[in-house]
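Subject: Structure handover

Dear colleague,

Here is the structure for your files. My notes on it follow below.

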Amino acid sequence: MTSNTEKSLQILKEEIQRLEEQGISGHILEELMEFRRENDTGDAAEERCIRPQIPFFGKEVLEMAIAALLAGENVLLCGGKATGKNILAENLAWLFRRPTYNISFHVNTDSSTLIGTDTFRNNEVQLREGPIIQCAKTGGFGILDEINMAKNDAVSVLHATLDYRRAIDVPGYERVVLHPATRFIGTMNYAGTKELNEALVSRFVVINMPSPDEETLNHILKSMYPTLKESAAEQFVGLFLDLQTKAQNSEISAKALDLRGLLAAIGLMKIGLSPIRAIHMGVGDKSFDLFEREMVEDIIMTRIPSSLEAAEVFED
């Protein structure tokens with residue numbers, strides 16, 4: 001039986017090979033390996049080291065992100081929908097072999113959500129630690145999703161955590177100093193969100209995420225579905241790029257521009273559902289405006305014939 005150590009080494013070999021195939025700098029890969037050797041993940045946080053379902057493809061973006069994190073910087077990923085911000089964040093945490101803490105910012109996210117709250121345990125008041133404290137102590141990677149939606153109360157917690165002080169003062173409790181391996185990766189969608197606080201931006205290095213191109217989409221589809229036929233992959237990639245162009249030209253909204261939905265649709269085809277019905281479920285019917293949905297359906301019909309069968313999509 002293969003031991004867990006042997007499995008880990010095999011996974012690591014596959015990861016490095018994938019990065020080398022993309023042309024990632026050998027020096028950056030050496031530094032990454034050294035970081036992993038120096039910052040071993042403890043058993044308690046091992047369950048939070050999650051291997052992403054979708055690998056990230058993009059040499060320049062990967063090199064910038066890995067280099068920034070190795071240099072001790074926090075990274076802000078900016079871009080439109082379907083540019084792979086969260087996929088990249090998850091892949092970075094896995095490549096660095098760090099426990100992942102996902103924090104989504106919304107109207108109810110405040111300082112107590114991030115730091116924690118008082119709780120009564122063992123006949124005394126104790127701090128029930130929030131994700132920022134847990135991340136700081138374990139040397140984790142905190143993924144701050146839609147960070148520009150953070151309220152001022154939450155931002156005040158992040159300022160000292162993200163800058164050179166690398167510490168969190170918890171009122172009534174001890175001062176928490178960040179583990180040397182702790183990093184934070186923020187994501188920010190350009191469309192329909194508010195501008196990020198200037199003081200908060202200064203605590204990150206920023207990477208503008210490019211829209212996925214044909215090569216990247218092919219990599220993703222073949223990685224998720226190795227038996228997908230080339231002709232079918234070409235049709236699905238073409239459909240996504242058509243929708244992307246329409247969305248960029250403001251002819252349709254970004255609702256149908258959903259890479260997760262496209263991948264889910266291909267998964268439905270693998271189960272046996274007809275491609276046209278699967279595509280409508282995963283992509284087309286996400287536009288709730290009647291006029292827009294008709295436009296999206298026209299785009300789908302130009303790429304996916306209604307006569308196409310699920311058996312024609314995959315290799316035998």
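**Helix H4 and what follows it**

Helix H4, residues 85-95, is mostly covered, with nine of its eleven residues buried. Helices here are DSSP runs of H or I with at least four residues, strands are runs of E with at least two, and both are numbered from the N terminus. Buried means under 20% relative accessible area, exposed means over 50%, and partly exposed is what lies in between (1.4 Å probe, protein chains only). The buried residues of H4 are Lys85, Ile87, Leu88, Ala89, Asn91, Leu92, Ala93, Trp94 and Leu95.

Before the rest, the basis of these notes. This is a predicted model, in which local features need pLDDT of at least 70 and side-chain atom pairs count only at pLDDT 80 or more, while totals for chains, interfaces and linings use all residues. Residues are numbered from 1 along each chain as its sequence is written, and side-chain values use heavy atoms, with hydrogens and water left out.

After H4 comes Arg97, which has a positive phi, near 55°. Pro99 sits in the loop between H4 and E2. With a relative accessible area of 0%, Pro99 is buried. From Pro99 to Gln235 the C-alpha distance is 37 Å, at a sequence separation of 136 residues.

**Overall form**

The protein has 13 helices and nine strands. Its radius of gyration is 22 Å, close to the 20 Å that the globule rule gives for 316 residues, so the protein is as compact as a globular protein of that length. That radius is taken over C-alpha atoms, and the rule is 2.2 Å times the number of residues to the power 0.38. Along the principal axes, the C-alpha atoms fill a box of roughly 65 × 50 × 40 Å.

Of the 316 residues, 47% are buried. Among contacts with a separation of 6 or more, 75% join residues 24 or more positions apart; a contact means heavy atoms within 4.5 Å. The accessible surface is about 16,200 Å², and carbon and sulfur atoms hold 49% of that surface. Accessible areas come from the Shrake-Rupley method with a 1.4 Å probe, and for residues only the protein chains shown count as cover.

There are 32 positive and 47 negative charges, and their mean positions are 4 Å apart. Lys and Arg count as positive and Asp and Glu as negative, with His and the chain ends not counted. Each charge is placed at NZ of Lys, CZ of Arg, CG of Asp or CD of Glu.

Ser104 belongs to strand E2, residues 100-104. Its relative accessibility of 45% makes Ser104 partly exposed. Leaving aside neighbours within four places in sequence, Ser104 is in contact with Thr109 and Asp145. The C-alpha atoms of Ser104 and Ile143 are 8.2 Å apart, and the two residues are 39 apart in sequence.

Ser223 is in helix H9, residues 214-224, and is partly exposed at 32% relative accessibility. With neighbours within four places again left aside, Ser223 is in contact with Pro55 and Phe57. Ser223 and Pro55 are 168 residues apart along the chain, with 7.6 Å between their C-alpha atoms.

**Cysteines**

How many disulfides does the structure hold? There are zero, a disulfide being a pair of cysteine sulfur atoms within 2.5 Å. For Cys49, the closest cysteine sulfur is that of Cys135, and at 11 Å it is too far for a bond. Cys135 is likewise in no disulfide, its nearest cysteine sulfur being that of Cys49. Cys49 is buried at 10% relative accessibility, and Cys135 is buried at 0%.

**Positive phi in two loops**

Most residues other than glycine have a negative phi. Glu146 has a positive phi, near 55°. This residue is in the loop between strand E5 (141-145) and helix H7 (152-162). Glu146 has a relative accessible area of 22% and is partly exposed.

Arg166 is not a glycine and has a positive phi of about 45°. Arg166 is in the loop between H7 and strand E6 (167-169). At 21% relative accessibility, Arg166 is partly exposed.

Regards
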